[in-house]
Amino acid sequence: MPVLYRDERVSEAMRLVRYLQSNVESYGVLLDHEITCLLALPKALKYFPPLNFDDLITLGSRGMEMADQLMRNSTKTEKRSATISLDDVTLLAPVLSPPKIVCLGLNYKDHAEEQGRKTPDEPVIFMKPRTAIIGPDRPIVRSRLVKQLDYEAELAIVIGEKGKEIPVSEARKHIFGYTAFNDVSARDIQFKDKQWTRGKSFDTFAPIGPCITTVNQIDDPNDLGVSARVNGELRQDSSTKNMVFGVYEIVHYISQVMTLEPGDLIATGTPAGVGVFMKPKPRFLSPGDLVEVEIEKIGTLRNPVAKEVQSS
Ligand code: MG
């Protein structure tokens with residue numbers, strides 16, 4: 001069956017994906033169950049677009065314009081021949097190796113309340129290593145060292161333009177787009193250590209995707225639905241409206257501490273409903289579970305949970 005390109009959907013949301021097709025990496029625009037490969041639309045620009053998705057992100061707003069022009073300046077026939085089914089590709093993490101991943105703790109009032117804590121008067125930040133990144137559908141691996149595996153649905157900011165000391169009013173210019181993020185956490189280790197590094201840094205503890213929705217497609221990032229489901233059961237159901245510090249304040253605050261660079265990810269915190277604070281007793285993730293993080297205007301990030309395969 002031919003895969004048809006539906007022109008009218010582009011203006012609704014530019015959702016960019018990185019993927020593998022026949023072991024070759026590319027990137028394109030996601031439309032429902034199809035991808036239009038941007039590298040297969042060479043006639044639309046006077047120059048060839050960046051071969052690597054990271055380079056497009058690094059171009060910031062120029063990269064976004066390029067993606068937009070590639071779609072707008074190509075004919076329907078060109079776009080149709082550049083369009084493939086999602087079934088024929090493997091989606092990858094939209095950012096494979098960010099310079100850094102900065103995360104916020106306690107950034108939702110209800111999540112602070114469920115653990116009997118006050119909301120902070122300035123953002124509380126910690127970091128995750130980039131080796132924790134996995135893409136959609138890849139397994140979250142429960143290490144033999146972890147007993148209490150948990151999920152956290154979060155909106156993540158993808159930085160486009162480098163910046164330091166970014167004023168709140170300028171923050172939007174430095175954002176390339178947004179993706180869904182699961183701040184996977186080993187609660188036993190996190191609470192034992194009384195800080196976050198070890199409990200949140202295991203390989204596979206930073207699933208992201210399935211796409212980046214570019215910043216120009218989201219009018220208000222502080223008004224997006226955020227939810228998590230485990231095996232289809234709704235566990236978290238909130239909105240970024242309930243964040244203590246909004247997206248632009250977060251960018252401003254973090255950039256006072258460290259230079260933000262293209263591809264940096266900022267995970268903006270999680271609402272109530274994580275497994276460890278469930279009543280009457282905690283409900284942790286087990287191998288075989290399926291976790292879904294859904295963010296409005298971005299999509300659903302799905303990851304199964306697997307047990308560690310020990311090498312002999
Ligand atoms: Mg978190």
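**Figure 1. Two domains of the predicted model.** The protein, shown here as a predicted model, is divided into domain 1, residues 10–91, and domain 2, residues 101–307. The C-alpha centres of domain 1 and domain 2 are 26 Å apart. Domain 1 brings 17 residues to the contact and domain 2 brings 20 residues.

Figure 2. No salt bridges are counted between domain 1 and domain 2. Three residue pairs, with both members at pLDDT 80 or more, are in polar contact between the domains. Strand β1 (15–21) and helices α1 (53–58) and α2 (61–72) each supply at least two residues of the side of domain 1 that touches domain 2. Helix α1 gives the most to this side, with four residues. Sorted by class, the side of domain 1 that touches domain 2 holds 11 nonpolar, four polar and two charged residues.

**Figure 3. Surroundings of serine 239.** Serine 239 belongs to strand β16, residues 233–239. With a relative accessibility of 12%, serine 239 counts as buried, because the cut-off for buried is under 20%. A polar atom of the serine 239 side chain lies 2.9 Å from the backbone nitrogen of lysine 241. Apart from neighbours within four places in sequence, serine 239 is in contact with Tyr108, Asp223, Leu224, Gly225 and Val226.

**Figure 4. Salt bridge between aspartate 183 and lysine 128.** The model has 21 salt bridges. In one of them, the side chains of aspartate 183 and lysine 128 meet with an N to O distance of 2.5 Å. Aspartate 183 sits in the loop between β12 (175–182) and β13 (185–186), and lysine 128 in strand β7 (residues 124–128), so this pair ties together parts that are 55 residues apart in sequence. Both partners are buried: aspartate 183 has a relative accessible area of 0%, and lysine 128 has one of 4%.

**Figure 5. Salt bridge between glutamate 152 and arginine 187.** The closest N and O atoms of glutamate 152 and arginine 187 are 2.9 Å apart, and the two residues form a salt bridge. Glutamate 152 lies in the loop between β10 (149–150) and β11 (153–159), while arginine 187 is in helix α5 (residues 187–193), so the pair links parts 35 residues apart in sequence. Glutamate 152 counts as buried at 5% relative accessibility, and arginine 187 counts as buried at 2%.

Figure 6. Aspartate 193 and arginine 198 meet through their side chains in a salt bridge, at 2.9 Å from N to O. Aspartate 193 is partly exposed, at 26% relative accessibility. Arginine 198 is also partly exposed, with a relative accessible area of 41%.

Figure 7. Most peptide bonds are trans. The peptide bond from glycine 209 to proline 210 is cis, with omega near 0 degrees. Proline 210 lies in strand β14, residues 206–214. Lysine 279 and proline 280 are likewise joined by a cis peptide bond, with omega about 5 degrees. Proline 280 is in the loop between β17 (265–267) and β18 (290–295).

Figure 8. Most residues other than glycine have a negative phi. Aspartate 32, which is not a glycine, has a positive phi of about 50 degrees. Aspartate 32 lies in the loop between β2 (24–31) and β3 (34–37) and is partly exposed, with a relative accessible area of 40%. Glutamate 165, not a glycine either, has a positive phi of about 50 degrees. The loop between β11 and β12 holds glutamate 165, which counts as partly exposed at 48% relative accessibility.

Notes: Residues are numbered from 1 along each chain as its sequence is written. This is a predicted model: local features need pLDDT of at least 70, side-chain atom pairs count only at pLDDT 80 or more; totals for chains, interfaces and linings use all residues. Side-chain values use heavy atoms; hydrogens and water are left out. Domain bounds come from an automatic or database domain assignment. Contact means heavy atoms within 4.5 Å. A salt bridge is a side-chain nitrogen of Lys or Arg within 4 Å of a carboxyl oxygen of Asp or Glu. A polar contact is a pair of N or O atoms within 3.5 Å; within protein, one must be able to donate a hydrogen and the other to accept it, and residues adjacent in sequence count only if both atoms are side-chain atoms. Ala, Val, Leu, Ile, Met, Phe, Trp, Tyr, Cys and Pro count as nonpolar, Asp, Glu, Lys and Arg as charged, and the others, Gly among them, as polar. Buried means under 20% relative accessible area, exposed over 50%, partly exposed in between (1.4 Å probe, protein chains only).
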